[in-house]
Amino acid sequence: MKTITFAVPCYNSADYMDACIESILKCGDDIEVVIVDDGSTKDDTPAKADAWAAERPDVVRVVHQENGGHGQAVNTGLANASGLYFKVVDSDDWLDEAAMREVMSYLRAQRDRAEAGQAATDLVIGNYVYEKVAEGTRTVMHYRNVFPEGREFGWDEVGHFGQSQYLLMHSVVYRTELLRGMGLELPKHTFYVDNIFVYVPLPHVKTLYYRDVDMYRYFIGREDQSVNESVMMGRIDQQLRVTRCMIDAVRLPDAVPQKRLEHYMENYLSMMMCICSIFLRMIDTDEAEDKREAIWDYLKERNPDVYRRIRRSVLNMGTNLPTQLGRRIGITGYRVAQKIFKFN
């Protein structure tokens, strides 16, 4: 059994995929790297992927597929995974060698448990770092105030998440069979599906482990990057689609018996609604305003109780104030948060 499968979705990634893959290979020989070439046509991504598989056939496999978007590439990686654990590493990001030594030590211990017929931890968590390379700055997103460190625990031991603290795809390592057993499948041709990936499986997680190390380095700065502000406005329909999927996938609070997890998931959904609202208000057209009202109506129809709580939250009251003055106030709040937390 491989300890972990790293899925690397690649789409015209030739300029930066080597650094990503090199960082993963430092994790050892008991790993698997599944490079998913998602229909690349503009550069030599397919050839580079094949070269990696030829150089390290014991570790690296390549799947070439028609373009299906980031979500389909993750689906393909999961379908081909043979590791006990599964992690997605985007091709422009990288893993920290020293941090991964500590994480891999725990994952190997869990593999030994699994091979002995014992239950392995469902979810392993590490920190991630916003790397704004062009600016020479970095921001560490940690959970040391939220999770016990260095031992397995359950949701009843989880503390309070701060406003900027969310579990993202960068920070999580899921047990592979947990994802398969719940039938996780991400939508095709849709950006921002990492929110579905990290949110929807959480009610199935019983055991967690946190290591306070800066595991994942998240590159920010390319103009074509999905989290670039102008790109996000251009892809707002995909953000709305992902948010609707999340509303439908987990019925709060009934589907989440653990109160602390339920509270966290409601806050996460609130954050998603806030993102939809703020970017639609930035677009500032009649069509955008109709879409903003429509996503809130969707939540109200599907889950009236959660709608009332989220709509009345400070976060969403501030970003949904009426009139043009309200719009300016909401956008100003977003700009302040952007400077404090260094996202986008």
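Rings of Phe, Tyr and Trp (its six-membered ring) were paired if their centres lie within 6.5 Å; planes under 30 degrees apart count as stacked, over 60 as edge-to-face and the rest as tilted. The model is predicted: local features need pLDDT of at least 70, side-chain atom pairs count only at pLDDT 80 or more, and totals for chains, interfaces and linings use all residues. Residues are numbered from 1 along each chain as its sequence is written, and side-chain values use heavy atoms, with hydrogens and water left out.

F191 and Y192 form a tilted pair, with 6.2 Å centre to centre and 55 degrees between the planes. F191 is partly exposed at 31% relative accessibility; Y192 is buried at 7% (buried, under 20% relative accessible area; exposed, over 50%; partly exposed, in between; 1.4 Å probe, protein chains only). The charged end of R235 sits over the ring of F191, 3.6 Å from its centre (NZ of Lys or CZ of Arg within 6 Å of the ring centre and within 35 degrees of the ring normal).

W296 and Y307 pair edge-to-face, with centres 6.0 Å apart and planes at 70 degrees. W296 lies in helix α10 (residues 286–302) and Y307 in helix α11 (residues 304–311), so the pair ties together parts 11 residues apart in sequence. Helices (H or I, at least four residues) and strands (E, at least two) are DSSP runs, numbered from the N terminus. Both W296 and Y307 are buried. R311 lies over the face of W296, at 4.6 Å from the ring centre.

Ring pairs also link Y143, F147, F153, F161, Y166, Y199, Y210, Y264 and Y268 into a cluster.
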